[in-house]
Amino acid sequence: MGSNKRKTTITLKTSDELLVEVEKSIIEEMETIKNLLDDTISDPGTLALTIVPVPEVSSEALAMIVEYLTKSADLKALKVSREKTKAYGTKFVKRLNDRELLMAISAVNYLNVKHLIGMLQDAVADRIKNKSVEYVREFFNIKGDFREAKEKQLRQENEWAYEGVDED
């Protein structure tokens, strides 16, 4: 007869008030939550009863992060090659649109998932590499600092900076 040992889960309360149960093994990857639990929970038996607010993380971003961390843990458990694990990460990031990518990077930064922070930062860098100022502004939802005439003057004075930029 097989064992019905249930995995320990911790409930996270997202910024949009959703309660999400996450396996403790996945929480271990989230330094912010792990450290909070280590500092505040003295009885491991009460861990499953704990609700941890993550006010900077939406349920959508948390779902993406948990999906990635779960699949990564599965790949590690199967002793899949480093190249295949990296390929999964690349595939995961490529399927995210710009909004999802920025949301995920903000959430990962808040949760302090170290190996995922770098991967997402690299993805953002790749998406804005050699793009126009307008593209980068739109990507990050940044309004221009200068009036139209001043910006035109700056562009003329620094034409070299706008040469060879990819089409948006």
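Trainee: What is the relative accessible area of Glu28?
Mentor: This is a predicted model, where local features need pLDDT of at least 70, side-chain atom pairs count only at pLDDT 80 or more, and totals for chains, interfaces and linings use all residues. Residues are numbered from 1 along each chain as its sequence is written, and side-chain values use heavy atoms, with hydrogens and water left out. Buried means under 20% relative accessible area, exposed over 50%, and partly exposed in between (1.4 Å probe, protein chains only). Glu28 is partly exposed, and its value is 32%.

Trainee: Which side chain meets Glu28 in a salt bridge?
Mentor: A salt bridge here is a side-chain nitrogen of Lys or Arg within 4 Å of a carboxyl oxygen of Asp or Glu. For Glu28, the N to O distance is 2.9 Å. The side chain is that of Lys24.

Trainee: How many salt bridges does the rule give?
Mentor: Side chains of opposite charge can pair when their charged atoms come close. One of the pairs is Lys13 with Glu17, at 3.2 Å, N to O. Lys13 is partly exposed at 31%, while Glu17 is exposed at 53%. The count is five.

Trainee: How far apart are the closest N and O atoms of Arg127 and Asp98?
Mentor: Arg127 is buried, with a relative accessible area of 18%. Asp98 is partly exposed, at 31%. Their salt bridge has its closest N and O atoms apart by 2.9 Å.

Trainee: How many residues apart are Arg127 and Asp98?
Mentor: Helices (H or I, at least four residues) and strands (E, at least two) are DSSP runs, numbered from the N terminus. Arg127 sits in helix 6 (residues 114–128) and Asp98 in helix 5. The pair links distant parts of the chain, with a separation of 29 residues.

Trainee: Which residues of strand 3 point to one face and are buried?
Mentor: In a regular strand the side chains alternate between the two faces of the sheet. Strand 3 covers residues 51–54, and its side chains alternate.

Trainee: Which residue stands opposite Ile51?
Mentor: Two strands pair if DSSP finds at least two bridges between them. Strand 1 (residues 9–14) and strand 3 run parallel, joined by four bridges. Opposite Ile51 in strand 3 stands Thr11.

Trainee: Which element has the highest mean pLDDT?
Mentor: pLDDT is the predictor's confidence in each residue, from 0 to 100. The chain mean is 83, and 86% of its residues reach 70 or more. Helix 8 (residues 148–157) has the lowest element mean, 73. The highest, 93, belongs to helix 5.
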